[in-house]
2 protein chains.
Amino acid sequence: MNNEVTQILKQNRLSITGSRQKILELFLLSDGALSHADIEKNTGESFDRVTVYRTLQTFVEKGIIHLIPTTDNSIKYALCKNDCAPGHHHDNHVHFICGECEKTICLDDVNIPMVKLPGGFTPTRSEMVVTGTCGECK
Amino acid sequence: MNNEVTQILKQNRLSITGSRQKILELFLLSDGALSHADIEKNTGESFDRVTVYRTLQTFVEKGIIHLIPTTDNSIKYALCKNDCAPGHHHDNHVHFICGECEKTICLDDVNIPMVKLPGGFTPTRSEMVVTGTCGECK
DNA sequence: AGTAAATTTGCAACATTGATGCAACCATTT
DNA sequence: AAATGGTTGCATCAATGTTGCAAATTTACT
């Protein structure tokens, strides 16, 4: 596990620091998406708030994690699959938010369908979020 | 116009106050979605920040406007079509965010497609946001 | 129309979330 | 082991959102 963390950081040409290791580890261990608050809760007093922000920003830039849109104004992050390159997220999967456990889950195997747009609109990217009940809460 | 505003408020059993009239009017005049900041900008010094927050909350509860999910943590609101009842938003349309003019537009005629979810997941509601370039910016 | 009751508003204060500049610190490279 | 360049923590600031309460406004009633 620690090996995997180090490897991912190296692959992305990031120096191996405590905060990055710890935060990346959290993502690898978590089955759902994490918010900034989740991360602060889990790391306790280990890191400065600013460090967490900057670490998350860095990870997004490098394509290690991606953002998930929400209706409340909270930002959620989740691990990208391997085919994400810096600046080029190739994620095209649906996200699921469970109303019971509040977990946000990447449905990596469910692709976002194309939609036909009215004339003039040119799409570059789509996001889809489904809310409901997950398997464990049903 | 003012008539329409009053009518909508009455239909929803809301008292007719200056802030509600003004804010609802803004939504009727606007072709896209509005953020809290947009509204503050447009109303100038007319209303307290808190009043705007509370008015928007009320409108959402009554089903007059609906929230639009975003990846940055900004909240956008847009008018609901007539078939929204208090607590029951029947909106099922795709939202489009133009990267040029930054406008958020309700594509009322584009329905969110169904997707097949993995076993165990039960959907109750879907959101879809497409980013790209709108007709005017192309 | 005039008044009482219920809603709504504005203010003050506070909490949360996020950004920036800078000095100290640490990881990497030689 | 030392130099350098990236990273962290602190202080500070700004934006965004929430709550309690008194004053003002709207509505309902007579």
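Predicted model: local features only at pLDDT ≥ 70, side-chain atom pairs only at ≥ 80, totals over all residues.
Residues are numbered from 1 along each chain as its sequence is written, while chains are lettered from A and ligands numbered from 1 in the order in which they are written.

Back to the sheet. Strands E2(B) and E3(B), the latter covering residues 76–79, pair in the antiparallel sense over four bridges; two strands count as paired if DSSP finds at least two bridges between them. B:Ile65 stands opposite B:Leu79 of E3(B). On E1(B), B:Leu34 has B:Tyr77 of E3(B) as its bridge partner, and E1(B) and E3(B) pair in the antiparallel sense over two bridges. Taken together, this is an open sheet of three strands in the order E1-E3-E2 of chain B, with antiparallel pairing. Strands E1 (34–35) and E2 (65–68) of chain B stand at the edges with a single partner strand each, so one side of each is left without a neighbour in the sheet.

Now to the two protein chains together. Chain A can be laid on chain B with an RMSD of 0.1 Å by a turn of 179° and a shift of 0.0 Å along the axis; the superposition is by least squares on the C-alpha atoms of residues with pLDDT of at least 70 in both copies. The two copies are thus related as by a two-fold rotation axis. The same surface serves both copies, as 100% of the contact residues of chain A recur in chain B.

What does each chain bring to this contact? Chain A gives 34 residues and chain B gives 34 residues, where residues are in contact if their C-beta atoms, placed from the backbone, lie within 7 Å. On the side of chain A that touches chain B, the elements giving two or more residues are strands E4 (93–98), E5 (104–111) and E6 (122–133) of chain A. E6(A) supplies the largest share of this side, twelve residues. By class, this side of chain A has 17 nonpolar, 13 polar and four charged residues. (Nonpolar means Ala, Val, Leu, Ile, Met, Phe, Trp, Tyr, Cys and Pro; charged means Asp, Glu, Lys and Arg; the others, Gly among them, are polar.) E6(A) also pairs with strand E6 (residues 122–133) of chain B, in the antiparallel sense over eleven bridges. There, A:Arg125 stands opposite B:Thr131 of E6(B).

The DNA comes next. DNA strand C is surrounded by 20 residues, the closest being A:Ile16, B:Thr17, B:Ser19, B:Asp48 and B:Thr51; near means that the C-beta atom of a residue, placed from the backbone, lies within 6 Å of the strand. Helices H3 (36–43) and H4 (49–62) of chain A, together with H2 (18–29) and H4 (49–62) of chain B, each give two or more residues to this surface. H4(B) gives the most to the surface near DNA strand C, with four residues. For DNA strand D there are 21 residues around it, and A:Thr17, A:Ser19, A:Thr51, B:Ser15 and B:Ile16 come nearest. Here the elements that give two or more residues are H2 (18–29) and H4 of chain A with H3 (36–43) and H4 of chain B. H4(A) gives the most to the surface near DNA strand D, with four residues.

Finally, let us look inside and then at a loop. The largest nonpolar core has 52 residues, and A:Ile65, A:Phe96, B:Ile65, B:Ala78 and B:Phe96 have the most contacts inside it. Such a core is a set of buried Ala, Val, Leu, Ile, Met, Phe, Trp, Tyr and Cys residues joined through C-beta atoms within 7 Å. A residue is buried if 20 or more other C-beta atoms, placed from the backbone, lie within 10 Å of its own, exposed if 12 or fewer do, and partly exposed in between. Leaving aside neighbours within four places in sequence, A:Ile65 is in contact with several residues, including A:Phe27, A:Phe59 and A:Leu79. By contrast, A:Glu102 counts as exposed, with 9 C-beta neighbours inside 10 Å. A:Glu102 lies in the loop between E4 and E5 of chain A and has a positive phi of about 65° although it is not a glycine.

Terms used:
Contact = placed C-beta atoms within 7 Å.
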